[in-house]
Amino acid sequence: MTINIEYVILRHLQMELKAPFTTSFGTFQTKEFILVEVVDCDGVSGWGESVAFSVPWYSEETVKTNWHMLEEFLVPLLFSKPLRHPAELPERFAAIRQNNMAKAALEGAVWDLYAKRLGVPLCQALGGTKKEIEVGVSIGIQPTVDDLLQVIERYVAQGYRRIKVKIKPGWDVDVIRDVRRAFPDVPLMADANSAYTLADAKRLQALDEFGLMMIEQPLAADDLVDHARLQPLLKTPICLDESIRSYDDARKALDLGSCRIINIKIGRVGGLWEAKRIHDLCAERGVPVWCGGMLEAGVGRAHNIAITTLENFALPGDTAASSHYWERDIITPEVEVHNGLIRVPNAPGIGYDVDRRQVERYTQFAKLFHRAPTA
Ligand code: OSB
Ligand code: MG
């Protein structure tokens with residue numbers, strides 16, 4: 001099979017979150033992102049979503065750097081020679097260093113198109129087997145502990161399978177103690193988004209008594225070595241997010257003992273294929289993974305659901321319902337969570353229809369790139 005992509009449309013969308021989302025590094029309220037559409041010679045569309053934010057807090061990529069990379073380098077590489085399978089793209093894109101979120105957005109669109117051409121759901125094209133996936137919810141830093149307890153109460157009542165609380169120095173041990181007291185049995189974890197250093201080891205050890213499933217990314221976003229020092233000092237498993245940008249990062253982290261769990265984000269690792277490779281490596285090593293979130297709209301959310309159907313996505317991810325984030329998402333049906341489960345769609349490709357009316361409503365500008373006519 002050849003994938004004959006005729007043109008690519010990049011759209012810049014802007015959507016308002018229902019509620020501001022605060023992490024140790026800043027607050028998100030408006031989400032700007034790039035929606036990628038690849039269209040083949042028969043008019044079939046594949047969809048991808050860049051998870052880069054407008055501000056380089058989480059990583060160095062932004063919406064604008066992604067647009068630049070896609071326009072100047074990645075779309076031309078996609079068009080540079082025939083493509084037989086989406087798994088050829090990581091090698092083709094390897095000519096470009098880093099810029100993983102930009103790569104993943106385009107690769108994801110090609111995977112959707114490929115699966116649609118095969119007539120199979122994306123999860124199946126990736127080798128996933130689950131029919132439903134378990135999900136948790138990530139809760140931002142709140143104005144007060146009472147606010148936090150109320151928010152948690154709401155999500156526990158909705159059946160989410162685990163609660164993730166964002167922490168930072170000054171919003172950590174005391175907060176988690178109060179949460180634990182109010183919810184003694186809830187599966188609970190904390191995400192520091194690299195707000196600590198090794199000098200805070202005592203503070204992090206103080207979290208051990210609360211039976212957290214894991215602590216996510218306590219130390220620097222580019223670190224593996226300090227995490228390897230920290231892990232033996234803690235009972236709580238460390239989960240790495242920001243630090244894992246590739247298969248090789250994952251291999252080194254496991255060899256060093258930097259973590260016992262890995263959060264896989266498709267964008268952060270450069271695409272579905274790399275995500276699958278990391279998943280497989282962790283499965284071989286007996287290390288569970290779960291799918292992280294980047295406050296995605298429907299297309300990115302659908303990709304997260306598809307990758308989570310792989311067996312070793314053994315822990316609930318951050319893929320909450322569309323309505324947790326948006327008044328109105330860009331897919332139909334929207335992603336729904338019942339009793340902490342998402343039923344995996346079985347229509348071809350990402351399995352949700354992109355709602356073009358909503359896409360237009362949120363689009364601020366767009367650009368079309370046509371494949372150069374072949375001689
Ligand atoms: O660290 O997992 C993170 C949101 C923005 C940036 C980084 C992170 C997050 C989340 C939210 O935790 C996950 C989601 O609900 O999409
Ligand atoms: Mg995280």
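Visitor: Where does asparagine 99 lie?
Guide: Asparagine 99 is in the loop between helix H2 (89-93) and helix H3 (100-118). Helices (H or I, at least four residues) and strands (E, at least two) are DSSP runs, numbered from the N terminus. This is a predicted model, where local features need pLDDT of at least 70, side-chain atom pairs count only at pLDDT 80 or more, and totals for chains, interfaces and linings use all residues. Residues are numbered from 1 along each chain as its sequence is written, ligands are numbered from 1 in the order in which they are written, and side-chain values use heavy atoms, without hydrogens and water.

Visitor: What phi does asparagine 99 have?
Guide: Its phi is positive, about 55°, although asparagine 99 is not a glycine.

Visitor: Switching to the ligand. Which residues are closest to ligand 1?
Guide: Ser138, Lys166, Asn193, Leu295 and Tyr325. In total, 17 residues surround ligand 1, each with a heavy atom within 4 Å of it.

Visitor: What polar contacts are there?
Guide: A polar contact here is a pair of N or O atoms within 3.5 Å. Asparagine 193 has a polar side-chain atom 2.7 Å from an oxygen atom of ligand 1. For serine 138, a side-chain N or O atom is 2.9 Å from an oxygen atom of the ligand. For aspartate 241 that distance is 3.1 Å.

Visitor: How much of ligand 1 does the protein bury?
Guide: The protein buries 100% of the 390 Å² that ligand 1 exposes when taken alone. Areas come from the Shrake-Rupley method with a 1.4 Å probe.

Visitor: And the sheet? What is the strand order?
Guide: The order is E5-E6-E7-E8-E9-E10-E11, an open sheet of seven strands with parallel pairing. Strands pair if DSSP finds at least two bridges between them. The edge strands, E5 (137-139) and E11 (289-291), each pair on one side only.

Visitor: What stands opposite cysteine 239?
Guide: Isoleucine 261 in E10. Strands E9 (residues 238-240) and E10 (residues 261-264) pair in the parallel sense over two bridges.

Visitor: Last one. Which residues does the cis peptide bond join?
Guide: Threonine 332 and proline 333, with omega about -15°. Proline 333 is in the loop between strand E12 (331-332) and strand E13 (341-343).

Note on methods:
Polar contact = N/O pair within 3.5 Å; in protein donor to acceptor, adjacent residues only side chain to side chain.
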